[in-house]
Amino acid sequence: MAGRRLRSSTVVLGGMGLLALTITSCGSEPDKRCADRSTQKTLPSSECRSGGNGSYYYGGKSDSGKVKGGSFDKTAVDRGGFGCSGSGGG
């Protein structure tokens, strides 16, 4: 009987891990970087804190010192993940 109890515990623990993965991937923050809204140039993080001139740019990527493929609007960017729905924005 000990073998049967061990197997069912493994199934329960595996299911809990999958549930935790689903919850954390849906609720995670999108990647963000500091950038200038008008020029799209990346800036040091300090420019987005303490009243600097930068704004956070969510998602996308940085290419040749400029951001692209994301949005300054955090709600327009959805990381997605297992079990999540939504679309990316731009």
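With the side chain of which residue does the side chain of S55 make a polar contact? The partner is R37, whose side chain lies 3.1 Å from that of S55, where a polar contact is a pair of N or O atoms within 3.5 Å, within protein one able to donate a hydrogen and the other to accept it, with residues adjacent in sequence counting only if both atoms are side-chain atoms. This is a predicted model, in which local features need pLDDT of at least 70 and side-chain atom pairs count only at pLDDT 80 or more, while totals for chains, interfaces and linings use all residues. Residues are numbered from 1 along each chain as its sequence is written, and side-chain values use heavy atoms, with hydrogens and water left out.

- S55 belongs to strand 2, which covers residues 55–63; strands (E, at least two residues) and helices (H or I, at least four) are DSSP runs numbered from the N terminus.
- S55 counts as buried because its relative accessibility is 18%, given that buried means under 20% relative accessible area, exposed over 50% and partly exposed in between, with a 1.4 Å probe and protein chains only.
- Apart from neighbours within four places in sequence, S55 is in contact with R33, C34, A35, R37, C48 and F72, contact meaning heavy atoms within 4.5 Å.

**The disulfide**

- The whole structure holds 1 disulfide, a term used for a pair of cysteine sulfur atoms within 2.5 Å.
- C34 and C48 form this link, with their sulfur atoms 2.1 Å apart, and it joins distant parts of the chain, since C34 sits in strand 1 and C48 in the loop between strand 1 and strand 2, 14 residues apart.
- The link of C34 and C48 is right-handed, with 100 degrees about the S-S bond.
- C34 is buried at a relative accessible area of 3%, and C48 is buried at 17%.

**Positive phi in the loops**

- Q40, found in the loop between strand 1 (32–35) and strand 2, has a positive phi of about 65 degrees although it is not a glycine, and Q40 is partly exposed at 26%.
- S64, in the loop between strand 2 and strand 3 (66–71), likewise is not a glycine and has a positive phi near 55 degrees, while its relative accessible area of 74% makes it exposed.

**The chain as a whole**

- The chain has 1 helix and 3 strands, which follow the pattern α-β-β-β along the sequence.
- Of its 90 residues, 20% count as buried.
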